[in-house]
Each structure stands twice: as C-alpha cells, then as structure tokens.
Amino acid sequence: MEIFIGIDASITSTAICVEINGVDHFFNYTTVDKSTAWYKMLEPLVSFRYINYNYPDDYSLSEIYKIENYTKTVQLMMNDLSNLKGQCKVGMESYSQSSSAGHIIDLVTLGTMIRSNLINKNFKLNLYSPMTLKKETCKYVYNILDKKVWRNKTGIAGGSFKKHEMVEAMFDLNKSNLVSLLLPYKEKILGLKSIPKPIDDIVDAYFCKEVVKQNELASQISIIAQEEVQKNKKKQKVVKV
C-alpha cells in the first residue's frame, strides 16, 4: 500500500498531512501556549502536539539548546509516523529565502533533522522549492497542463500564489476532509488579511502531499506506457521474422 505524506516545516508550526486509503490525517507541532478559536475548530481533524522552546540568553547555550530540543520535536514527528505500514512517499517544502521566513538558519537546522530521519526510515523523500510547490498546485488544481503559465480562476499565476491563493485552491479542488471542516468558514478565512495559523501551514502540507502523489501517479503511468511501447516493438519484430 502506498502512503503519501506532505510536510511543511516551521520552527513554530510544522504541519504534516498523511493520506492513508484516500483519507487525510493531519498533525501540527505548535508553540502556541493558548489555543485560539481556529485551533479548537480544527481539533476534530488535526492532532496537535504542543511544544515549548525557552532559549537561553547565552549564544553557545542557546545553539546547543536548539539542537537538543529540535531533536525532541522531530522525534515527536517520527513517533507519529512510526506505525505507518506501506511504501511512504513524502513531499516536503524546502526553505524560503524571504525575510518573512524568520530565522532561516534555525529552520535549516530543523528541516535537516526532519529530512535525515525520513531518509533513515527509508521514506522516499521529494523536496519542492516554495515556487515549485505553488506552480504545481496551480497546475494540478486548475487542470491546465497544456499551458506554460498556469493561472487560477482569477488569473493569478501559480508562481505568484500567496497563502490566500493556496487556501482557495484547496477549496476549489475540494477533495479533502479538511475542506468539509473549513467550508462553513471559507468566506471569513479568505476575507482576513492573513490566513490564520495553523491553517496556512496545514494547507501547505496538504499540497505537498498532493503534489508528490500526482507526480508518483504520473511516473507510474509513464512507466506503464514505456513498457507497452517495448512490448509492441517486440511483437513487430516477431511478425517481421
């Protein structure tokens, strides 16, 4: 059985989406110390793991503290993935170089730990740059495979997608149990200046999973097509003989 996993890594709110037998399961590893209404609303579908970082003031002690505690956070993630039975295919968003990404060095540290653990568990890992994830999301959701520039229904190019366009794409695709949960709040969510956490991270993890799934299916179809071509060539050779 194939299991598809999407991961959006973040120091304060890593999200994971796991699809098993066509059903999405979500995890969020968050530093929030008090659940907002959005967290409470998501509780029926999202398993929350609450983490807390108290960085020392001393530089050296702080850097060592990060390694020790990021390791604990990653172990929480691996524990949640440890009982999966099947071939696990993972799509993970890589690092953004934008200023809004926060402490990029810390994110690289956490992300590298996650990648290393996934590889050690023999998960098939696929990494997507933020730009690639946006473009692939647009291409997949709006079914415009024959165009060089992919746009959503309002004409925004996939490469220019921001959080609002990613969330809207999830609603437009309408294939996840997450949509059913969030649909009554669609207008409110999209009307906000910023997509509230942890919805933005969960949606990114969802599309990491969808992109790796679609790429795997496309690869399998390509292999089958190539095998059929080879079979036909062998048949033609036999007929000529």
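**Helix packing and aromatic pairs in the predicted model**

In helix H4, Leu133, Lys134, Thr137, Tyr140 and Val141 meet Met166, Ala169, Asp172 and Leu173 of helix H5, where contact means heavy atoms within 4.5 Å. By class, the residues of this contact comprise six nonpolar, one polar and two charged; Ala, Val, Leu, Ile, Met, Phe, Trp, Tyr, Cys and Pro count as nonpolar, Asp, Glu, Lys and Arg as charged, and the others, Gly among them, as polar. The structure is a predicted model, in which local features need pLDDT of at least 70, side-chain atom pairs count only at pLDDT 80 or more, and totals for chains, interfaces and linings use all residues. Residues are numbered from 1 along each chain as its sequence is written, and side-chain values use heavy atoms, with hydrogens and water left out.

Helix H4 spans residues 130-141 and helix H5 residues 163-173; helices are DSSP runs (H or I, at least four residues) numbered from the N terminus. The axes of H4 and H5 come within 10 Å and cross at roughly 25 degrees, the axes being lines fitted to C-alpha atoms over the stretch in contact, with angles from 0 to 180 degrees between N-to-C directions. H4 and H5 are therefore roughly parallel to each other (angles under 35 degrees). Their crossing is left-handed, that is, the near helix is turned anticlockwise from the far one by less than a right angle.

Met131 also lies in helix H4. With a relative accessible area of 42%, Met131 is partly exposed (between buried, under 20%, and exposed, over 50%, for a 1.4 Å probe and protein chains only). Met131 and Ser94 are separated by 37 residues in sequence and, from C-alpha to C-alpha, by 9.7 Å in space.

Seven aromatic pairs were found in a search of the whole structure; rings of Phe, Tyr and Trp (its six-membered ring) pair if their centres lie within 6.5 Å. Tyr39 counts as buried at 3% relative accessibility, and Phe48 counts as buried at 12%. Phe48 also pairs with Tyr50, with centres 6.1 Å apart and planes at 25 degrees, so that pair is stacked. Tyr50 is partly exposed, at 43% relative accessibility. One aromatic cluster is formed by Tyr53, Tyr55, Tyr65 and Tyr70.

Key: Helices (H or I, at least four residues) and strands (E, at least two) are DSSP runs, numbered from the N terminus. Angles under 35 degrees count as roughly parallel, over 145 as roughly antiparallel, 65 to 115 as roughly perpendicular and the rest as oblique. Rings of Phe, Tyr and Trp (its six-membered ring) pair if their centres lie within 6.5 Å; planes under 30 degrees apart count as stacked, over 60 as edge-to-face and the rest as tilted.
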